[in-house]
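Colleague: Please take a close look at one part of this model, the backbone in its loops. Then set that part against the rest of the structure.

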Amino acid sequence: MLDFMEHVQHAFYEASHWNLDNSYGTLNGTARALLDFQTPKGLRLQISSLAAPNFATSYTLGNVGVVDGSVSYLYSSLPLERKLKSSELDLHNVIRGYRQLRALRRPDEVWWWEIWHNGKRIDRRDTLLYGRIFLPQSRLEALYLRRLTPTRQLRVNAVSDSNLNNGGTILTLLQNDYGKYSTEYMYSTDSALIGLRGLYNFGPDPRVAPTAPTTAQQVAEPMYGRFSAGAELYYGLLNKSGGISTGLRFATLPNHHGFPYTMTLTLNPLMGNLSSTYAVRAGTNLTLCSRFDFNFYSYESDLQLGCELWRRRSNTDVEWARKKLRPDWKKPTVAPDDDVSGILKARVDQHWRIGVLWEGRIKELLFTLGASLDLKKREQIFRAVGIELQYSS
């Protein structure tokens, strides 16, 4: 389940019209959400609040080994209108699950962002500031995010920790999203790493308005899926080493009539790693996912299977009675997830390591209950068991 601050950051992206899925870094976002989820350890409680549309705070307390916690603050120059109370949150927005790609939208024009008053421009670029300190480790994390233009944003992540080299690291990302394609330029103080990412989407360009057809043969067929290709190149100036990877993705769009599915294939030629994933929403409540990894140099392979099951409340008896007694009665508007009682996630690999996660809401509390098991270690089958509780107001 998304952390409260992560959900606030997603709300900022949505309000500023930034597409998170149109990036090479999120090429395998669906498989990671379904197979790489973290199981909680011990008991952890998070209390958060959106004190104002521009300011949020969050406090976390846990008991993993020793009592620890964190304090977080977030500021957004762009007012956030999404409902962020734990009792009103739509679970579809906070659960990491199948990522349904949306149709590419045309980027905003530059002049749309201009605000004039008495002949002077008074508009400012939207900015998000985030800071988090972990106690008692005194580890500090910070984020600076600024929208420079409708197609560009600057992201700076910083970590201060005495256990890291030089006491911390800074990662800078300059991201460009033109709809048809996207690019990222990155620099990290760790080993003076520089890198370049790119993703290209095949099909029509959203920046070009379609022309009116003059004949029936010129009517364009609707797009039911999107094929994307991308690559990443990076090099460390201090350690004189680099890397390269490339990937492909095909995903169905919301207007696809069949089951939504996503297929990806990534390759790292220097390390010899090949990874393929396939995820399908087999029904309204069920999603299945698989991932196969193979190394050309060592011939080692790995297979992971996962699923996500949305459990919904049964209201058949109520519906039957309503149709018999008052067929003209209109049901009141309810939240999109009002019938959801919980979400079950599970994964297993070829070594019989199993992860199970149960997420949902009780009254005004969001909960995550999980366990990690290793069936080959009979003396210690349970590797981790824990529960996380979130409350936001």
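Modeller: A residue is called exposed when its relative accessible area is over 50%, buried when it is under 20%, and partly exposed in between, using a 1.4 Å probe and protein chains only. This is a predicted model, with residues numbered from 1 along each chain as its sequence is written; local features need pLDDT of at least 70, side-chain atom pairs count only at pLDDT 80 or more, and totals for chains, interfaces and linings use all residues. Side-chain values use heavy atoms, with hydrogens and water left out.

I begin with the loops. Y299 has a phi near 60 degrees, which is positive although the residue is not glycine. Y299 sits in the loop between strand 16 (286–295) and strand 17 (301–312); helices (H or I, at least four residues) and strands (E, at least two) are DSSP runs numbered from the N terminus. With a relative accessible area of 65%, Y299 is exposed.

K240 is the next case. Its phi is near 55 degrees, again a positive value in a residue other than glycine. The loop that holds K240 runs between strand 12 (225–236) and strand 13 (241–252). K240 is exposed too, at a relative accessible area of 62%.

I95 is in contact (heavy atoms within 4.5 Å) with M1, E308, W310, I343, K345 and E359, leaving aside residues up to four places away in sequence. In soluble globular proteins, nonpolar side chains tend to be buried together.

F55, Y59, Y73, Y75, L129 and Y144 make a nonpolar surface patch of about 550 Å². Patch residues have over 30% relative accessible area and no salt bridge, with like charges joined within 9 Å and nonpolar side chains (Val, Leu, Ile, Met, Phe, Trp, Tyr) within 5 Å. Strand 2 (55–62) and strand 3 (68–76) each contribute at least two residues to the patch. Y75 belongs to strand 3 and is partly exposed, at 37% relative accessibility.

Charged pairs come next. The structure has 12 salt bridges, each a side-chain nitrogen of Lys or Arg within 4 Å of a carboxyl oxygen of Asp or Glu. R106 and E109 form one of them, at 2.9 Å from N to O. R106 is partly exposed at 43% relative accessible area, and E109 is partly exposed at 27%. R139 pairs with E141, and their closest N and O atoms are 3.6 Å apart. Both partners are partly exposed: E141 at 23% and R139 at 26%. D349 bridges to R353, with 3.1 Å between the closest N and O atoms. D349 is buried at 9% relative accessibility, whereas R353 is partly exposed at 33%. Through shared partners, salt bridges also link R139, E141 and D161 into one network.

For the chain as a whole, the model has four helices and 21 strands. Of its 393 residues, 38% count as buried. Among contacts between residues at least 6 apart in sequence, 53% join residues at least 24 apart. The chain exposes about 22,800 Å², of which carbon and sulfur atoms supply 59%. These areas come from the Shrake-Rupley method with a 1.4 Å probe; for residues, only the protein chains shown count as cover.
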